[in-house]
Amino acid sequence: MILTEMMMKVTPIKNGTVIDHISAGQALNVLKILGIYHTTDATISVLMNVTSRNLGKKDIVKVEMRELEVGEVNKIALIAPGATINIIRDYEVAEKYAVDMPDLIVGVMRCPNHNCISNTDEPIKSQFLVKNKNPVVLRCLYCEQTITENIADYLI
Ligand code: CTP
Ligand code: ZN
């Protein structure tokens, strides 16, 4: 195996999930969306501003010993539409797929409307319908308020 500059900087993992091609600067938001860093003792590596052939710069997140499921990773498309999920088994890429935005986003985004019932003390999870994927247009199921820009600002 040829030891390229890239490989020296980025250590392969044995088992787990690599989220690759994250838009530069969004790695911490990816962790926020996944909500895993306070619920797991898995080793998580975050690489920011890695030089990429196609993207210029990109971020990468590696979660060791856990195979993340499609349902939990697809929400990442909100802030990193080009992200790729790689499932690693015994150092090999066993599965690879692109994230695909779900039709409904539950409990991830805060409604911008302060009077929305999802912002009160009621035990209600926020729910947004995905009206458009690119550019992202979300509409609150409760009050019809839309989110069209600065998506990351509304992450819970
Ligand atoms: N990776 C890793 N540990 C491994 C194998 C792969 O951390 N044991 C990482 C690589 O560093 C890369 C991603 O998983 O960030 C995908 O690996 P691979 O498919 O080998 O890389 P590319 O061919 O560059 O992927 P793509 O075609 O999706 O750009
Ligand atoms: Zn609302």
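The model is predicted, with local features requiring pLDDT of at least 70 and side-chain atom pairs pLDDT 80 or more, while totals for chains, interfaces and linings use all residues. Residues are numbered from 1 along each chain as its sequence is written, chains are lettered from A and ligands numbered from 1 in the order written, and side-chain values use heavy atoms, without hydrogens or water.

The protein donors of the zinc ion (ligand 2) are the SG atoms of Cys111, Cys116, Cys140 and Cys143, at 2.3 to 2.4 Å; donors are N, O and S atoms within 2.8 Å of the metal (3.2 Å for Na, K and Ca), and sites may look incomplete, as water is not among the atoms. Along the chain their spacing is C-x4-C-x23-C-x2-C. Cysteine 111 lies in the loop between β6 (104-106) and β7 (127-133) and cysteine 143 in that between β8 (136-140) and β9 (146-147), so the pair ties together parts 32 residues apart in sequence (strands are DSSP runs of E, at least two residues, numbered from the N terminus). Cysteine 111 is buried, at 2% relative accessible area, whereas cysteine 143 is partly exposed at 27% (buried, under 20%; exposed, over 50%; partly exposed, in between; 1.4 Å probe, protein chains only).

Aspartate 59 belongs to strand β3 (residues 56-64). Aspartate 59 is buried without a salt bridge, lysine 57 being the nearest side chain of opposite charge, 9.2 Å away (a salt bridge places a side-chain nitrogen of Lys or Arg within 4 Å of a carboxyl oxygen of Asp or Glu; Lys and Arg count as positive, Asp and Glu as negative, and His and the chain ends are not counted). A polar atom of the aspartate 59 side chain lies 2.9 Å from the backbone nitrogen of asparagine 49.

Methods. Helices (H or I, at least four residues) and strands (E, at least two) are DSSP runs, numbered from the N terminus. A polar contact is a pair of N or O atoms within 3.5 Å; within protein, one must be able to donate a hydrogen and the other to accept it, and residues adjacent in sequence count only if both atoms are side-chain atoms.
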